[in-house]
Amino acid sequence: MGQSPDSWVQLEIVQGHPWTVSLAVFSAVMFLWHSKTYWSLSHIPGPFLARLTNLPRLLWVLSNRAHDIHVNLHRRYGNIVRFGPNMVSVSDPAEIANIYRYSKPWPKSDFYHALLMKPDGKPIPGIFGTQDEEIHRALKKPVAGAYSMSTLVKFEPYVDTTMGVFSDELRARFAGSNDGRAACDLGQWLQMFAFDVIGELTFSKRLGFLESGNDVNGVMAGIWKMFQETALVTQMPWIDNLWTNNPVRRYFRGRGASPGAAFAMARVKERRELLAKGRNDWDRDTRDFLSLFLEIESKEKALPPYALAAWASSNITAGSDTTAILLRALFHYLLSNPPTLARLRAEIDAADLPEKVPWKRAKAELPYLDACVKEATRMHPPFGLPYERVVPGPAPAVVCGKTLQPGTVVGMSAWVVGRNRALFGADADEWRPERWVGVDEKTLREMEGASMAFGAGHRTCMGKHIAHLEIYKIVPTLLKQFDFELLSPGGSGWTVQNRWFVMQQGLMVRLKDRMTAAPIDK
Ligand code: HEM
């Protein structure tokens, strides 16, 4: 059969412009792919633009207020809301066990790929970020026991040492005499405390923040900068290769590890040298995490080569800022709400505790402290974006009564669940620790079950006990020793920026040493 002149023209275009054709084919494929996801989630309500592109999600993060925006979207559209062409957010606490399972867990989404360290462009798996369940099992199983509460209470003396340094530094720098007493950025000091505790627990070596009063080697600033950039990428993970992991950009920015990981690896190197000189870590009375990790490494033959680096650096990056954010939230709410502060202080004073409050006594004798910690955790979870999972298939899943096809990304945010008015009442946006006191057992269990600040299910936080060990000890210890006066009452100067970490600034106070009872100058 002969071909028409039109067909010849088209054939010439195809042969002469391969790029044009490739582009046309690529666009057609993208259109078909998008139209599939467009229709498969067309039954989920949400902002119109979110049906077509992830750009709104990225802009919400760019605004630093994604947590508030997410809460408002759920109040407007209901329990399940479309956040992107292939992503839905869920707010109903009853769905937590469905999405975050212990057996046959739904895998983490590409959100987490963006969080992996890639010093040479190739991602290094970590316990927190890996999407591969086999790797996760290989990394987590050998060390899980080290994070249990029974092991951790043996670490209490390390927390005590750092608490002692913290109080001494605060006293010397800010609570000396009334004249010219300096304003204290309590938020910054709580962060330095949290980093130094983790350094002490992991390596028997503080990072040196408290003694120097500074962010040594820019570790804290470096981690925050990394989160500021990476949080944007998590919303559109394909940007990772174009921007974050771009070889040209890496060339100019340098390829070294993050400051937190660099500190961790330097400590590992030091310890290996000591072991090579004959120190036997396994028989020491006081064992830090590193000695446990090294012992496991020496015994487990099938470990991936990056295991020690993954364990040591995840303690610093996953465990320091998170605890600091929660401590900061707790002090912010207490100092901005004097009646709750007065009630807590009365409880602490009545308990007649030693200067460095022991963990067991804090847990047993300070129920109002427990309520305040729970309320701060609900009001200000340190992670402020949904924890994303993927519907695994082969069958579709049902979430909030809606069918979701395999491959759909589903997430729940601790901020959204914590502000659920059906569960926490009309005043869910307000600080009221009393909501945790004297409630019936069933309601209490429901409220506690809805706390997602530490995640849920199989990938829940491994360091929760460490964070609680620190918080339940340092809060009563500081309140026993010092009076705090908020320098910007009413919350002016307090800012909150959500870049996955929901970071705060502006907790400026003046201190009075309660032991010497000098009055605060107004
Ligand atoms: C207030 C303090 C903390 C908060 C709010 C917190 C929160 C979380 C959350 C939400 C997850 C799960 C994220 C997800 O599903 O995507 C997580 C995982 C994890 N956290 Fe924490 N964390 C805290 C402290 C710590 C500490 C002190 C450590 C260690 C020293 C730690 C180590 C880890 C690790 C290793 C994982 C990964 C667990 C896994 O995937 O199996 N965290 N954390």
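## A guided tour of a predicted model

Visitor: Let's start with two helices: is the crossing of helix 9 and helix 17 left-handed or right-handed?

Guide: Happy to begin there, with the reminder that this is a predicted model. The axes of helix 9 (residues 186-203) and helix 17 cross at roughly 145° and come within 8 Å. The crossing of this pair is right-handed.

Visitor: How do the residues of the contact of helix 9 with helix 17 divide by class?

Guide: Helix 9 contributes Leu-186, Gly-187, Leu-190, Gln-191 and Ala-194, while helix 17 brings Thr-323, Ala-324, Leu-327, Arg-328 and Phe-331. Sorted by class, these residues come out as six nonpolar, three polar and one charged.

Visitor: And at roughly what angle do the axes of helix 17 and helix 24 cross?

Guide: Helix 17 passes helix 24 in a right-handed crossing. Their axes come within 10 Å, and the crossing angle is roughly 35°.

Visitor: Which residues of helix 24 make the contact with helix 17?

Guide: Taken together, the residues on both sides of this contact are seven nonpolar, two polar and one charged. From helix 17 come Thr-322, Thr-323, Leu-326, Leu-327 and Leu-330, and they meet, from helix 24, Ala-467, Glu-470, Ile-471, Ile-474 and Val-475.

Visitor: Turning to the ligand, which residues are the closest to it?

Guide: In total, 23 residues surround the ligand. By class, this shell has 14 nonpolar, seven polar and two charged residues. The closest to the ligand are Gly-319, Thr-322, Gly-455, Cys-461 and Gly-463.

Visitor: Which helix gives the largest share of the shell around the ligand?

Guide: Helix 16 (307-319), helix 17 (321-336) and helix 24 (464-481) each provide at least two residues of the shell. The largest share is four residues, and it comes from helix 16.

Visitor: Now the strands: what is the order of the open sheet of four strands?

Guide: The pairing in this sheet is mixed, and its strand order is 1-2-7-4. Strand 1 (80-84) and strand 4 (387-390) are its edges, each pairing on one side only. Neighbouring strands are turned against each other by 30° on average, direction ignored. To come back to your question, the order is 1-2-7-4.

Visitor: Which residue in strand 7 is the bridge partner of Tyr-387?

Guide: Strand 4 and strand 7 (residues 409-412) run antiparallel and are joined by four bridges. In that pairing, the partner of Tyr-387 is Met-412.

Visitor: Why is one side of strand 3 and of strand 8 left without a neighbour in the sheet?

Guide: The sheet in question is open, with three strands in the order 3-11-8 and antiparallel pairing. Strand 3 (184-185) and strand 8 (482-486) stand at its edges, so each has a single partner strand.

Visitor: Which residue of strand 11 stands opposite Phe-484?

Guide: Strand 8 runs antiparallel to strand 11 (residues 508-513), with five bridges between them. The residue opposite Phe-484 is Leu-511.

Visitor: In the hairpin of strand 9 and strand 10, which residue takes a positive phi?

Guide: Strand 9 (residues 495-499) and strand 10 (residues 501-505) pair in the antiparallel sense over five bridges. Within this pairing, Val-496 stands opposite Gln-504. The hairpin has one residue between the strands, and the positive phi, near 80°, belongs to Trp-500.

Visitor: Which peptide bond is cis, with omega near 5°?

Guide: Look in the loop between strand 4 and strand 5 (397-399), where Pro-394 has its place. The cis bond is the one from Gly-393 to Pro-394.

Visitor: What is the phi of Asn-64?

Guide: Asn-64 lies in the loop between helix 3 (55-62) and helix 4 (66-77). Although Asn-64 is not a glycine, its phi is positive, at about 70°.

Visitor: Finally, what is the mean pLDDT of the chain?

Guide: The predictor assigns the complex an ipTM of 0.99 and a pTM of 0.90. For the chain, 85% of residues reach a pLDDT of 70 or more, and the mean is 87.

Visitor: How many contacts beyond near neighbours in sequence does the stretch 1-14 have?

Guide: Where pLDDT is low, the predicted coordinates should not be read in detail. Over residues 1-14 the pLDDT is below 50, and the contacts of this stretch beyond near neighbours in sequence number two.

Conventions
Residues are numbered from 1 along each chain as its sequence is written. This is a predicted model: local features need pLDDT of at least 70, side-chain atom pairs count only at pLDDT 80 or more; totals for chains, interfaces and linings use all residues. A residue is near a molecule or strand if its C-beta atom, placed from the backbone, lies within 6 Å of it. Ala, Val, Leu, Ile, Met, Phe, Trp, Tyr, Cys and Pro count as nonpolar, Asp, Glu, Lys and Arg as charged, and the others, Gly among them, as polar. pLDDT is the predictor's confidence in each residue, from 0 to 100. Two residues are in contact if their C-beta atoms, placed from the backbone, lie within 7 Å. Axes are lines fitted to C-alpha atoms, for helices over the stretch in contact, and angles run from 0 to 180 degrees between N-to-C directions. A crossing is left-handed if the near helix is turned anticlockwise from the far one by less than a right angle, and right-handed if clockwise. Two strands pair if DSSP finds at least two bridges between them.
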